[in-house]
Amino acid sequence: MKVRTGLIPVAAIFPFAWALACHDVNTQVTTPTLPPAVQSLKASLAPFASLRLAKSAGYNIAITDCMSTSDEGAMGVHFGNSNYIDGVTDEQHPEALIFEPGTDGQMTLVGVAFLVPFSAVPRTAAAPQLFGQRFQVNDVFGAWVLHVWTHRSNPSGLFATRNTRVHC
């Protein structure tokens, strides 16, 4: 069998040329767009990107250690502000900031937690709501809780309890 050697380079390059021709140059990988209220919350957290600054602003109570499960992800370390743990929810003032511990000892802000103690809204009452989301029951801490992953996208959702992209 005789093969034209002049066609081999064309045949080898054709799939790449076709892919390039079909590629939309405007296609970009983007992160999910945050709802406007969550964007505003994220912007309000700029002063707390540093744990040192967060602590000086009152987020100085380590409510939890870094909590993690192998299949559902982690929550990070929750640092609470006792001035906000009063049963009143405010979209701009979460009760806790969530930090992920790094291997170098640094802590990275990954999200927030809104907490409403059962003493303010009993467990038997209707769940509080914020950002159009119902808070979840947390019997361990005796509170209603809503997590918002403001600084680390979460494949399980913006308001999921744990984040597979957060590690302890």
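Q: Before anything else, what does contact mean here?
A: Two residues are in contact when heavy atoms of theirs lie within 4.5 Å. The model itself is a predicted one.

Q: OK. What share of the contacts with a separation of 6 or more comes from residues 24 or more positions apart?
A: Such residues account for 48% of those contacts in the protein.

Q: How many helices and strands are there?
A: The protein has 3 helices and 9 strands.

Q: And in which order do the elements run from the N terminus on?
A: The order is α-α-α-β-β-β-β-β-β-β-β-β.

Q: How much of the protein counts as buried?
A: Of its 168 residues, 32% count as buried.

Q: What about the accessible surface, what does that come to?
A: It comes to about 10300 Å², and carbon and sulfur atoms make up 57% of that.

Q: Which residues of strand 9 point which way?
A: Ala-143, Val-145 and His-147 point one way, while Trp-144, Leu-146 and Val-148 point the other way. All of them are buried.

Q: How many bridges join strand 5 to strand 9?
A: Strand 5, residues 107-117, is joined to strand 9 by 6 bridges, and the two run antiparallel. Within that pairing, Val-145 of strand 9 has Leu-115 opposite.

Q: And how many join strand 8 to strand 9?
A: There are 3 bridges between strand 8 (residues 136-138) and strand 9, again with an antiparallel run. Asn-138 has Ala-143 in strand 9 as its bridge partner.

Q: What's in the hairpin of those two, strand 8 and strand 9?
A: The hairpin has 4 residues between the strands, and Gly-142 takes a positive phi near 60° there.

Q: What kind of bond is a disulfide, anyway?
A: It is a covalent bond between the sulfur atoms of two cysteines.

Q: Why is the one of Cys-66 and Cys-168 left-handed?
A: The torsion about its S-S bond is about -80°, so the Cys-66 and Cys-168 disulfide is left-handed.

Q: Which parts does the pair tie together?
A: Cys-66 lies in the loop between strand 1 (61-62) and strand 2 (67-69), and Cys-168 is in the segment after strand 9, so the tied parts are 102 residues apart in sequence.

Q: Are the two cysteines buried or exposed?
A: Cys-66 counts as partly exposed at 22% relative accessibility. Cys-168 is exposed, with a relative accessible area of 51%.

Q: On to the rings. How many aromatic pairs does the structure hold?
A: It holds 6 aromatic pairs. One of them is the edge-to-face pair of Phe-79 and Phe-99, at 5.9 Å centre to centre with 80° between the planes.

Q: Where do Phe-79 and Phe-99 lie?
A: Phe-79 is in strand 3 and Phe-99 in strand 4, so their pair ties together parts 20 residues apart in sequence. Both Phe-79 and Phe-99 are buried.

Q: And why is the pair of Phe-114 and Phe-131 edge-to-face?
A: The ring centres of Phe-114 and Phe-131 are 5.8 Å apart and their planes are at 65°, so this pair is edge-to-face. The cut-off for that is over 60 degrees.

Q: Are Phe-114 and Phe-131 buried or exposed?
A: Phe-114 and Phe-131 are buried.

Q: Which rings form a cluster?
A: Phe-48, Tyr-59 and Tyr-84 are linked into one by ring pairs.

Q: Last one, Asn-81. Where is it, and what does it touch?
A: Asn-81 is in the loop between strand 3 (73-80) and strand 4 (96-101). Not counting residues up to four places away in sequence, Asn-81 touches Ala-57, Gly-58, Tyr-59 and Glu-95. Asn-81 is buried, with a relative accessible area of 1%.

Key. Residues are numbered from 1 along each chain as its sequence is written. This is a predicted model: local features need pLDDT of at least 70, side-chain atom pairs count only at pLDDT 80 or more; totals for chains, interfaces and linings use all residues. Side-chain values use heavy atoms; hydrogens and water are left out. Buried means under 20% relative accessible area, exposed over 50%, partly exposed in between (1.4 Å probe, protein chains only). Accessible areas come from the Shrake-Rupley method with a 1.4 Å probe; for residues, only the protein chains shown count as cover. Two strands pair if DSSP finds at least two bridges between them. A disulfide is a pair of cysteine sulfur atoms within 2.5 Å. Rings of Phe, Tyr and Trp (its six-membered ring) pair if their centres lie within 6.5 Å; planes under 30 degrees apart count as stacked, over 60 as edge-to-face and the rest as tilted.
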